[in-house]
Amino acid sequence: MKTQTRGKKITELNVLRARHLTALPWLVHGFSTRTGGFSSAYGKSDLNLGFTSDDARSAVERNRAAFLRALGATGRNRLVKHSKIPASGQTGQKRGTLLWPLVTLRQVHSDIIHCVDSASGELQTGDLQTGDGLITATPGLLLAIQTADCLPVILVDPKHRAIGVFHAGWRGTVQRIVEKGVGEMRRHFGSGPRDLRAAIGPGVHECCYEVGEEVRTKFESQFPYAAELFREVKESDPVREKYPLLFLTARAPGHGELPPKLFLDLVEANRRQLVSSGVPAKNIDASPLCTNCRVDLLFSYRGEKGKTGRMMAVTGIRGD
Ligand SMILES: [Zn+2]
């Protein structure tokens, strides 16, 4: 996946794409970054794509339209009646440019996956469905997942021209959202796991994803390889290192050490889950970017203490 060089301020709209998906001419896909937008709630010229409480709705709508244009998700598709589809992502467009309808969810860290087509309820009514995964084989729709640390995962079946996008934080991952996504694509479209290509977008990486012991317990109850997903780091306290005797006398014997910090590798967790679902390892591409390390380029819930925008992972199918 394309990475940005650090240092120089990035001002234009940037879309990250996976190379093995770019090769498919019928596919639209991309992971947004925070640069090149119209929001000022979290920084200058941010591309916030989520209707957050801090940001102006009009700015988010302009951002969404700009992002869709950058993706090339424009033009009429005879299979989808655009006129019936309500405003999400549709406003702020230039005259003459028709943006594809954007299908979003009310995400709740679940394992709920919706199969959508042009007749789907949400598209007709504008009401958001609750869930954390979307799949389709209908051209002209853009399936979207919003994140700001959690991993977005795109699945593509080149054989049947079917796609999916999933929201995988630790809760979704422990509920096997991507494994269920592979299963749902098989059930609805006849997708074979061997044919699937996966792209894991930017998210919080092992370097920055400290979790509690209860998270490890949950993973251990689900996955035989759980131990390999966690890293323990002994806390180094500069004051204690400088004055060891002070702490030696203050603490009872055997209690001299702080408990180690625990870090989860969510990328590896989802990669392993895809592989054990039958997706070949060579078909899985993961972004090297950590959201918490790169708040210059990406939104990070942890990195910005909860006050942050949302990025989108989107995928769609071109029609004729
Ligand atoms: Zn990091």
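This is a predicted model: local features need pLDDT of at least 70, side-chain atom pairs count only at pLDDT 80 or more; totals for chains, interfaces and linings use all residues.

Mentor: Start with an open sheet of five strands, in the order β1-β2-β16-β9-β4, with mixed pairing. Strands are DSSP runs of E, at least two residues, and helices are runs of H or I, at least four, numbered from the N terminus. Two strands pair if DSSP finds at least two bridges between them.
Trainee: Which strands stand at the edges?
Mentor: β1 (15–16) and β4 (102–103). Each has a single partner strand, so one side of each lacks a neighbour in the sheet.
Trainee: How do β4 and β9 run, parallel or antiparallel?
Mentor: Parallel, joined by two bridges. V103 has L143 in β9 as its bridge partner.
Trainee: New topic. What order does the sheet of six strands have?
Mentor: β6-β8-β11-β10-β12-β15, an open sheet with mixed pairing. Its edge strands, β6 (113–115) and β15 (284–286), pair on one side only.
Trainee: How many bridges join β10 to β11?
Mentor: Seven, and the two strands run antiparallel. L155 stands opposite G164 in β11.
Trainee: And what does A198 touch?
Mentor: Its contacts (C-beta atoms, placed from the backbone, within 7 Å) include V153, L155 and L274, not counting residues up to four places away in sequence.

Technical notes. Residues are numbered from 1 along each chain as its sequence is written. Two residues are in contact if their C-beta atoms, placed from the backbone, lie within 7 Å.
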